[in-house]
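Visitor: I would like to know what stands behind the labels used for this model. Please take me through them one by one.

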Amino acid sequence: MHDAALIWFRQDLRLADNAALAAVQDRPLLPVYVIEDEPGGPGGAARWWLHHSLVALGRSLAERGAPLVVLRGDPRRLIPDLAAQVGAAEVHAGRQSEPAARRRDAETHDALQRDGRRLVLHRNALLHEPHRVRTAAGKPFAVFTPFSRAVFAQLADLPPPMLAPDRLAPAPGTPQGLRAEEFRLLPAPPQPDWAREFPAHWTPGEAGAAARLAAFLREGLAQYGARRDVPAAEWGTSALSPHLHLGEVSPRQVWHAAQARGGAGLPTFLKELLWREFSHHLLWHRPEMPDQPLRPEFSAFPWRQDATMLRAWQRGQTGYPIVDAGMRQLWRSGWMHNRVRMIVASFLVKHLLQPWQSGEAWFRDTLVDADLAANAANWQWVAGCGADAAPYFRIFNPVLQGETFDPGGAYVRRWCPELARLPDRFVHRPHEAPDTVLRGAGVTPGHDYPAPLVGLGEGRARALAAFGAMRGGGG
DNA sequence: TTTTGAGTTGTTCGA
DNA sequence: GTCGAACAACTCAAA
């Protein structure tokens, strides 16, 4: 009989293709999740997701014979205690890229080692190992295209995903698993319940992830190249981000399933998975990325912090329909389409000159997929201070973006119902509509829908001037 | 070490 | 209405 082992679930809440689980599935097993109440932990929307995902994981584990134990507190103390309690020499877990998680794991490993035990980390959340992918000069990548070539070459012989174990043996001395009365340990649903619409959009958990993946491959992958930019398209994007974030499905499962399906949209879709890898690569090597601009000269950028502007943007009251539709989709569903994320981010950072960190924080609190690496990397990209960032003069025009990617206004009409009856010609520019048109559509100007926070020409010129000031005088 | 080519996602202006 | 050029110059990766 093998020694008992702990499997410590974190961002790999699945049984299939779980390298940490596979390493110990033949031993008496104690599966554990530790809820850490740390500042900088998951935001409200992500906590909603985590709650339901843990319930799902707990059920699957219980069905297989090894109930999940959920604890709340500091894992540096709880994990070694638990390992001692069941006599486990090893604790297995998936590797994480977040700086706080890496610190915590190092300290947990030290604590275990003092008792002659060890923490064994596995690649579970990524296709590549951030410390094993390097440029020819031995440095981490800072440009996407060469990074993607290097990773793609490595993935040619990616092994197929592993199946979920059928039966698991509980470790003797296992404390009680997740029972109904212990659900109070789980993150509470937010109050007031702004998440009330989330269940209509999402099914957290491994089964929900598998269903979403299958549906996307069936309905969306073939057209992905063109339709991914249309926010009103039902299967335009995979919407797998929250499932991937908590590891309810592994990137390897997605990669293999997409390749098996094939089709015209495949290369673009695989490239998006590699953007996720790239973000984690960056965070691994630049742990300051969530707070500090990767290009240091941006520390001197003349932001104009303004709580009123920020709040109008957060609530979807900027006066630009595609921006407001996106921000309201985010608030109500916990998610926003990728194209619209770029538009709203560019608007906040450039037209409103609010620091990208404000937008990053709001996204992290309201997105169900709130992935620290992807969120920080993409905000920095839009702001122009990130890796491979957009040139500063690339300023999205929210009206043109709306008219290009939401031509009939279906997306705007869905999330901004007060604009639903405007004719196509004005649905993305209600501020230019004559009063007769507005009244005919049931819109009272300045009452039902706000006037633009800033003129597009003015906002653009101000952003260009701010960048110029940073380059010229700031640094 | 030096050199060279390349680099997610745009907009505006003028011919 | 369409098209190409300008925007501004820099860093990175690899030969």
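Visitor: What does leucine 30 touch?

Guide: This is a predicted model. In it, leucine 30 touches Ala4, Leu6, Val69, Leu82, Val86, Ala88, Ala171 and Thr174. Residues up to four places away in sequence are not counted. A contact needs C-beta atoms within 7 Å.

Visitor: Where does Leu30 stand in the largest nonpolar core?

Guide: Leu30 is listed with Leu6, Ile7, Ala88, Val91 and Val368 as having the most contacts inside that core. The core has 122 residues. In soluble globular proteins, nonpolar side chains tend to be buried together.

Visitor: Why is arginine 114 called exposed?

Guide: Count its neighbours. Arginine 114 has 8 other C-beta atoms within 10 Å. Exposed means 12 or fewer. So arginine 114 is exposed. Arginine 114 lies in the loop between helix 4 (99–113) and strand 5 (118–122).

Visitor: How far is arginine 114 from isoleucine 395?

Guide: Their C-alpha atoms are separated by 54 Å. Along the chain, the two residues are 281 residues apart.

Visitor: Which residues of helix 10 are buried, and what do they pack against?

Guide: In helix 10 (residues 251–261), Pro251, Arg252, Gln253, Val254 and Ala258 are buried. Each therefore has 20 or more other C-beta atoms within 10 Å. These buried residues pack against helix 7 (206–219), helix 9 (241–245) and helix 11 (266–285). Glycine 262 follows helix 10, with a positive phi near 70 degrees.

Visitor: What describes the crossing of helix 15 and helix 16?

Guide: An angle and a distance describe two packed helices. The axes of helix 15 (residues 356–366) and helix 16 (residues 372–383) come within 10 Å and cross at roughly 145 degrees. The crossing is right-handed. Helix 15 brings Trp356, Gly359, Glu360, Phe363 and Arg364 to the contact. Helix 16 brings Asn375, Ala376, Trp379, Gln380, Val382 and Ala383. By class, the contact has six nonpolar, three polar and two charged residues.

Visitor: How many residues surround DNA strand B?

Guide: There are 17, and the closest are Phe144, Thr145, Trp275, Asp388 and Asn397. By class, 11 are nonpolar, three polar and three charged. Helix 5 (144–154), helix 17 (398–405) and helix 21 (456–474) each supply at least two residues.

Notes. Residues are numbered from 1 along each chain as its sequence is written. Chains are lettered from A and ligands numbered from 1 in the order in which they are written. This is a predicted model: local features need pLDDT of at least 70, side-chain atom pairs count only at pLDDT 80 or more; totals for chains, interfaces and linings use all residues. Axes are lines fitted to C-alpha atoms, for helices over the stretch in contact, and angles run from 0 to 180 degrees between N-to-C directions. Helices (H or I, at least four residues) and strands (E, at least two) are DSSP runs, numbered from the N terminus. A crossing is left-handed if the near helix is turned anticlockwise from the far one by less than a right angle, and right-handed if clockwise. Two residues are in contact if their C-beta atoms, placed from the backbone, lie within 7 Å. Ala, Val, Leu, Ile, Met, Phe, Trp, Tyr, Cys and Pro count as nonpolar, Asp, Glu, Lys and Arg as charged, and the others, Gly among them, as polar. A nonpolar core is a set of buried Ala, Val, Leu, Ile, Met, Phe, Trp, Tyr and Cys residues joined through C-beta atoms within 7 Å. A residue is near a molecule or strand if its C-beta atom, placed from the backbone, lies within 6 Å of it.
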